Every structure is written in C-alpha cells, then in structure tokens.
Amino acid sequence: MSARVTAARPPIAAPHLRRDAWWALPLTVVIVLGSFIVYSTWAAFQNAHYWAPPYLSPFYSPCLSATCLHVTFGYGLPEIQLPIIGILSPAFLILWGPGLFRLTCYYYRKAYYRSFWLSPPACALPDAQRRYTGETRFPLVLQNYHRYLWYVAVIFIVLLTWDAVLAFRFPRPAGGTEFGIGVGTLVMWANVILLAGYTFSCHSCRHVCGGHVDVFSKAPTRYRLWHVITRLNEQHPTFAWLSLFSVGLTDLYIRLVSLGVIRDLRII
Amino acid sequence: MPTVTMHVFRGDARGGDFKEYRVEADPGMVVLDLIHRIQATQATDLAVRWNCKAGKCGSCSAEIDGKPRLMCMTRMDLFNEGEPISVAPIRGFPAIRDLVTDVSYNYVKAKQVPPLRIKPPEPDGTYRMMQEDIDRIQEFHKCIECFLCQDVCHVIRDHEENKRAFAGPRFFIKLASLDMHPLDTVDRSAFVKDAAGVGLCNITKCCTEVCPEHIHITDNAIIPLKERMADEFFDPVVWLLRKFRSKKKQPA
Amino acid sequence: MANQDYEVHEHDVIVIGAGGAGLRAAIEAAAQGVSVGLVCKSLLGKAHTVMAEGGIAAALGNVWPEDNWQVHFRDTMRGGKMLNNWRMAQLHAQEAPERVLELERWGALFDRTKDGRILQRDFGGHRYARLAHVGDRTGLEMIRTLQYHGIHQGLDVYMECTITRLLKDGDRVVGAVGYWRESGRVVVFKAKAVILATGGIGKAWKITSNSWEYTGDGHSLALWAGADLIDMEFVQFHPTGMVWPPSVRGILVTEGVRGDGGTLKNSEGKRFMFDYIPEFFKGETADNEAEADRWYEDKKNNRRTPDLLPRDEVARAINSEVKAGRGSPHGGVFLDINTRRPADYIKKRLPSMYHQFKELAGVDITKEPMEVGPTCHYVMGGVRVDADTAQSTVKGLFAAGEVAGGMHGSNRLGGNSLSDLLVFGRRAGLYAALYAKDFGGTLVVDSAQVEQAARQMLAPFERTGGENPYAIQSDLQDTMQALVGIIRNEADLKEALKRLDVLKARAAKVRVDGHRQYNPGWHTALDLDSLLTVAECSALAALERKESRGGHTREDHPYTDDTWGKVNVVVRLKDGRIQVSREPLPEMPPDLKALFQERK
C-alpha cells in the first residue's frame, strides 16, 4: 500500500446490511431489565411484606426494621429503632449497593450500552450516539471504580448467606424456634448461590484475586484462584441473568407468602 | 448445485454500487470461492484481497450480509437457498476498490505500541517461562490480524475522530500480551490510558463476536487492561500499596 | 513516459518478500546500519510463512539431551538423499538453535517443557523430538514476532507492491522495478544489493497448499537476471493435504498430526505405511504395529513408526494406495488421531487443525479420521547461492528461504523450512549489508531497462481480443498437475513442455479488462510470466534427471542412481532460452562424511 491521504469510506448508502433479527436481543434486554427495574422499584417502595418468618426478602437484607432486626443480628442487641425506618423504606438504604454493583458490572454495561444507549444496538449497526467519549468522562469514568462495589457486593453475599442460614429456623407456634426446611428455604439458598456465582465470577474479582500477576508460576495460590475464577467468569453473563431473576423471584415469593396469597410448603 | 445470487460491491471512494452476479455453487464452497468464480468468469478486475484461503492469514475480511467475516471461512450452506447474499468491503476503513480497503490505520497503530523489552537472562544465560505463565498470552498470539475487530468497533467505525487516540481491539490484545509477558519490563499504563484510549471502549463486545480465531478479546484482554488501568489511576489503595513497594517496570 | 516520472526509492539493500526469510534478512541488514527497504506483494504479516504449522527444527536438546547439530545435520542430509549442499546443511544445523532462542528474546512464546524451556515435538525424518512449536500455528508466531520486532528497526516497508524485473548495471544487480498493486503505478527501487525472499512456485500446480503469491517470482527474477537455478526438478508433495470438500482440496494438514500420534490407514483399515519402508530407512523404522505403538511412549528402546518417514516416502505411499483402489471415498487415505489421543489433547496440540476440519469440512477430528492426500507444498530447488553468504551467481543478488536452492537436497524434512528461513535470512541480510557497504562506484539505473519493464507491464491493457488470464493460469495448473506431478515419465514431461509452449503463446496475447487500480485480472496476467518460467524450469530439470530421488520420481527410471547423486541439474538462461546442464555437487569434507559411516 502506498501512502494515502483520503479517508473516504466505501460509498454504501444503507446504514447497515444485516438481514437477521439483530433487534431481538436488545429488545429482549430492554423488556427483561426494564421489568426488573420497575418491579424492584415498586417492591422497594412497599416497605411491607418483605418478612415472612423465617424468610427475609433480599431487597430488605440486612434487616433494618424492628420486626426482623433481632432475628438477623441476634437477640443480645439492645432495643433500638432506626429513625429512618417508617419514613423511608429500608430497601433504599440497601439496594444502592447491589444496584451499583450491577450498574457498573462489565457485563451489564455491555447489555445496557447496547440496548438502552444503542451504542451500538448490534454489531456492524450504526451507533445511535452522535458524540462518543466512551468511559473517559464523568460520569461514566466512574465505572472504573467497579472493584469497590465488588467489595460491597461480597459483604452482601455474607449477609444473604446468613439470611439463608436463618431460613432453617422456623418459629414455633408456642414460641422459640425449630429446625425446618420450607420451599422458601430452598428459594433463598438457590438465590444466594446464584448471587455468589455472579459476584465471584466478576471481572474485577478475577483481577484482584490473581489477574494482576504477571508471572503466575511465582504466585501459585493466586494462579489457582485466578484459574477457578476464570472458569466462573466464562459464565458471568449467565449468572448475571439467573441471579437477577432469582433475586426478584425470591422477593416475590416471600411477598406472596407474607400477603397470604400462597402458602409456604414445609418440607421438613 | 444451485445458482446463487451475489450482490457484490463494486466501486471506489468516488462512487460505487452493488452489482448482481449469478454464479454456480459447488458443495462445500465458501464465499471466497464464489468471488473467485465471479472473477474468473464474469469480472476479471473484481478487486479482492486474499492469501491462504484457510483462515490463517486474515486477508479476506469483508462484510457478508452486513456481518464482518472472513470470506474463506464462510460456508455457503450457512445461507438460505434462494436468497441473495451481499458482499461489501469492511466499512470501517477507507475504500480502495471493490472489496479492498485501506487498512494502513492498523499499521500506524502497530508501530506506536511500545515494544517488548525483556529482563536480563538467568545466571546460566537462558530464560525460563512456565506454561502457566504464557497460556493466557498464547491466546492473544492466535490473532491473524484480519482487522475485523477494528472494523466492527463502533468507537472508530462510527466516530472517525476517535482514530487519533484509539488503538482498537487488535492492539488491546497486543498490549495485553506485552503487559502480561513474564519477561517484559516496560510500564505501558500511561500509553494504554491515553494514546491507546482503552477508556473509550464501552465493552460492547462486537470485537469478540466477530473474531474468527475466537479470541476472548473483551474478557481476557480489554477488561484486564481496564482493571490494570484502574490499579494505576483509579484505585487509591493499590496506589498507596505501590508507594511502599519498589516498582518493577520502567516507563516506555 | 520519461524515467524521471516514475516514483523512485533508494536503499542500500532491498528485500523482496516479507515472509520469515525476508523479515529476518531485513532485520539483520538494518542491524548492520544500512538503509533497508522491504517490498512485499501482500500486506505485511500475511506471507505464506503464517501457513507453517508444525514447528522449527533446531537441535536445542531440551527434550532429548542426546540431540546436537551433528545429528540434525545427518538427518537433513539423509532426508535430502545426500543431494543437499553440505555446507548449507551444516550451517543450518549449527545455527538454528540460536535463531530460535533469538526469536524467544524478541517475544515468541513457544510451548514449554515442565522445567520452563522450549518444548520440542516429533516430526518425520528427525531422529529426536526437535521442533520448537506453538500448538500448530508456529509460522504465525514466527511471522508476528519478526514483524513486530522489525517495525521498530527502521525498515521502510512497501506493501502490496509486486516486483517484475531486476535492474542491472553491467554484471551486478542494482535495483528492481515493479508496480503498486493499489494504484497500478510503476515504481523503481535503486539498491546496492537485492535479497530475494519470495518463497516458492506451488501455484503452478492445481492441488497445492500454496497461496496465490507462490508464483515463482524470485526464481524467475533471478533467472532473467542471469543467475543459476539448481534442483528445480525436486518439488515436495506434502503427503497430507485436505481432499474434501473440493474447495479446500490441497489445504495443508500438519505433519504434527502424525508427530503427535496420528496414523495413516487405507479403506481396509490397514496401516499401510509398514508396506512402504525403503531400504535406506529400514534400520531406524519399526516394521510392526506393536513396536511402532510402543515408540510413542518409549523412544529409546523402539524404532519410530513408518508414519513419520520423510515426506516424499509417505506421499508416494499414499499415491500408490489410492491408485490400487484402497483410498478413502474422496480419493485420499485416512489419517486417524482420535483412536490414540483424547479429545482434549487433540484440541490443545492441534487447535487449528480441529478448527479447520470442523469449519471447512464439517469433520470433528476428535471423533472421526481425516481424509488426506498429497498436495504440492514446497520446491527444494531454487537460486544457486554461496552457502555462507547467500549470494547468487550474480553480484549483488542474494537469496534466502524457499527461493534459494541446495539446502534441502532432493527432499526437505518437515520443520527444516522455518529454521532455514531464519538461518539463511539472517545470513543473506548480513552479507548483503556488507556487500552494500563495500559497493564501489555510483549506483546507476539504466532507464532503458526501466522503460522496457514498464512497457511489458502495461502491454496487456493494449491488446484486444486476447484471452482471460485466469483461464491460462488454470490450464497451466492442470498441465503441471497431470504431467509433472508426484510420478513422472519422459513422455509426460515432453508433453508438458509442448503444452507449456502453447500456454506461453497464449499468455503473450492475454487481455485484461478495466483499469490499473487494484486489478487482480491484470496482476494474474503479469504473474503468468514467472509462473510459466518456473513451470518450464521444473519440467526441463525433471526431464533431465533420469533417476528417482526424493521429490522427483520417474516411473521410467524408478531407482536411485549413484552417478546422479553426485550432480545438480542446473538451469540458466542463455541467449533468451532456458538451458539445462549437470554440474558436480560440492564435496563434503571427511569429518562430516564420517558422521554417515559411524552409524550406518
């Protein structure tokens, strides 16, 4: 090639030449993600029916209200009341953590940049944004802090695991608790496993735990960790969707039980 | 075997259009075979780049039915019989003629990447690297430089002005392979952030989707580069820790 | 048009061809502090070297400490049926390890041994596992490494530029003339030294693993400039190319498949290679399946499997099996690795073979055997060069890689090509630079030569009513495939030469459509010139050599003849006609000769 000065692209009038159903994927994402956002926002405003003993909705965990506070944190606590409860739903004190974790997640970024921003809606389709600076300016430059939200997400995994453990402790009609397993227990365990799968398959987790190493043979533990996380990371999008469904459905299940619409089936 | 209708772009930067060719397809044929057949029988001057015809050299990149692909690895049985197939040049680059584009952008960017500078050898004069040290880099070395990722990347495909300070997916995997090289001594973090512009990437993964070598460009190269950039420029804790440790890598 | 209108570039050294040899030569010349231009027909990094799969042969001794250059030298000479230029084979065996280690220092990442050194694999004709490799894409690794090292060495790279003639001043070469593929404009390179690194001639055959670039440009440029070519009768048909579907016929299936445990079987399921062990290799080859199978695990106490005999032997064997009606459904034989190796192993060691068969043939090689057959792969013959300096018989003209002759004798061992590119690429670069530094007098280019070359280039546009270049190219390939193939005889070769004459006449009247801007029809028309020249050289040399040896098998002279083992067939241009002569091989010194007596 000799040096060229012109930069004129091939003069093809059509903005794109794809003939497949390229729109199906972004549309599905808009519908599914949109429905989740609508549902979770509605559920967060409810400030009720998130506690169906022994089940606590993940939207409201850790429990910050008097009804379940002592169940979650232990009976040794002094009688306290958080002043905010009652005015604002505790969900809003909680959901920012996992919410921002997902918002800054490398996978979800792909999903919403494509389907909501249309930047681009699908491969080899024109970008709908006329000016484009990617993630170099405020606010999108903040996406680079994703790892801090991963730290937060890990704390939530600990809390939700505790909730799932507590979901084995059914209140006795006569007072006190007894060991048991209900459908809700299984729902909560499924949810926490999927959420953990999502959280520990995170790209930042992969980097922090081992990806930053240049010579793996000199850091065998981090290499093994990185290796396992890499396997999980390949399933990150799957975990992202499954855990999104599971967290919403867990809330819904507990809500319906609490509302008395359905009855939780005791297995043991 | 059936006759196939091909709509092939003919023309140069000044003008052009899709021209229809009807051509016989034999079993097992790929799009490049049909382009060659058109060339041999109907349009001897149809411009197309190709070399190995086995998916190893990355020359015959084009957009087939709007999707960036290698013509030599796109089998005809992928398409529904009877429907015309469009073959266009890779549109992210300036036109030369017909299916050939000017990909010199990539050669300019290649030269800007700070090259490998390796550490001194072991006392016995040799170098040792373990397989686990190089596994992830060997994936990047599979790149055949077809530039389909560079073509499809909307950062430059749709925003010409970004070409100045954006290396593109091909060179992100190059940068990642250098950065993760067990013997390398160069600190490329400022280059990755500013000159290569990794921040412009919004990880929408089209590069990975079109890669004929199935390299996980986004997950294994770009995101790790973004994370390494975060270490250097966005993470106060890592920054603080580094203050206490001696730096191993030298600026480019 | 007057000469000053042409675009002119001046360098101390220009290198024609940017594959492994060309890049290595350019890097070395630049390291000597001279100005270097690198001219290539395709984009940088697309050269045919990317197709090399198996590995680089070098006696590093990482897997077998017993290995050393003497063993490698001996293997190479025996593989070439002792017709090799002994000095080239010696330099090659001695210098290959350092060239490989140098690549590693430049960033190449070869597969590793357990203790972190370069892993080596088995290949046909090599006594020990000797091939440094990266899965089955070693050529790609090599070219990328050289490419990315090279672009920082101050080379000027001229991409998509085809050279059609060398320019001479008296008896020395002083440059080259060609055209930009993109614009069709004529371009002149003035240079004190020219290095040819243009690869081979495989595009003259129908079933070939070679790309469109392999039109014998360097062979022809050298011949036209007055240089000698040797060994042009020796064309290697790689035993394993794909045979189905038709559109991929000829695409290479790496010898690494057999090196890693693959075996050849006929339609009866028989491992037929045991029937084709030649006397020459009986001592080191297993004669029964049990021993061959044991060899994969215990190489010390067993002889190697005949599946890994040198390529000429295997290609002939496959050819015979198919002719005897024991071939596979699409006219090849079966290559089976799935019965010996698990799927994971195959995918790890042979990823691109897996990918290639899966995507192009719909065959899963971890579950079913491949169908393979011989494909034109490599020309052992080429420009006659001085072993140490790579200079041709014309002053200022150097050659390295496939375009150079002598190194591989009558048959090349797998893996010896990549190492050849590195060893002699470097030597050509070094000695061309030294030659350029000593260049006496001024660099003068004769404008009449440029004008003549330009006229020849543009002539096809001025004709009306001639033929389509693709039709001529296709007929040429059919002719060579049918008459100058794996098995030859006098009648066929004479017929081939007759047909080549007709093709030459047709090519002289070839017509092209359209204009000069990126016009493949025109490019193909111009390539016919060199393609027909090398086809004729090869057929003439094949007619001359009345014996069978390595990559040259005559059914009318089926035996290897010792008197022929002492001569090269030399081809040169005299008064515009190609002339053939026999000239004695350089004599091997006694200390090297001893290597062959000791172990016999």
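Before looking at the pair, I noted that a crossing is left-handed if the near helix is turned anticlockwise from the far one by less than a right angle, and right-handed if clockwise. The model I am reading is a predicted one.

Entry on the helix pair. I looked up helix α8 (residues 203-211) of chain A and helix α9 (residues 220-233) of chain A, and found that their axes come within 8 Å and cross at roughly 165°. Angles over 145 degrees count as roughly antiparallel, and α8(A) and α9(A) are therefore roughly antiparallel to each other. For the handedness, I wrote down that α8(A) passes α9(A) in a left-handed crossing.

Entry on the contact. Which residues of α8(A) meet α9(A)? I listed A:His203, A:Cys205, A:Arg206, A:Cys209, A:Gly210 and A:Gly211 on the α8(A) side, and A:Arg222, A:Leu225, A:Trp226, A:Ile229, A:Thr230 and A:Asn233 on the α9(A) side. I then sorted the residues of this contact between α8(A) and α9(A) by kind, which gave five nonpolar, five polar and two charged.

Entry on the whole chain. I counted 10 helices and four strands in chain A, and, reading from the N terminus, I wrote their order as α-β-β-α-α-α-α-α-β-β-α-α-α-α. The C-alpha trace of chain A spans about 90 × 50 × 40 Å along its principal axes. Of the 268 residues in chain A, 50% are buried, while the accessible surface comes to about 13100 Å², with 71% of that belonging to carbon and sulfur atoms. Last, I noted that, among contacts in chain A between residues at least 6 apart in sequence, 70% join residues at least 24 apart.

How values were computed: Residues are numbered from 1 along each chain as its sequence is written. Chains are lettered from A and ligands numbered from 1 in the order in which they are written. This is a predicted model: local features need pLDDT of at least 70, side-chain atom pairs count only at pLDDT 80 or more; totals for chains, interfaces and linings use all residues. Side-chain values use heavy atoms; hydrogens and water are left out. Axes are lines fitted to C-alpha atoms, for helices over the stretch in contact, and angles run from 0 to 180 degrees between N-to-C directions. Helices (H or I, at least four residues) and strands (E, at least two) are DSSP runs, numbered from the N terminus. Angles under 35 degrees count as roughly parallel, over 145 as roughly antiparallel, 65 to 115 as roughly perpendicular and the rest as oblique. Contact means heavy atoms within 4.5 Å. Ala, Val, Leu, Ile, Met, Phe, Trp, Tyr, Cys and Pro count as nonpolar, Asp, Glu, Lys and Arg as charged, and the others, Gly among them, as polar. Buried means under 20% relative accessible area, exposed over 50%, partly exposed in between (1.4 Å probe, protein chains only). Accessible areas come from the Shrake-Rupley method with a 1.4 Å probe; for residues, only the protein chains shown count as cover.
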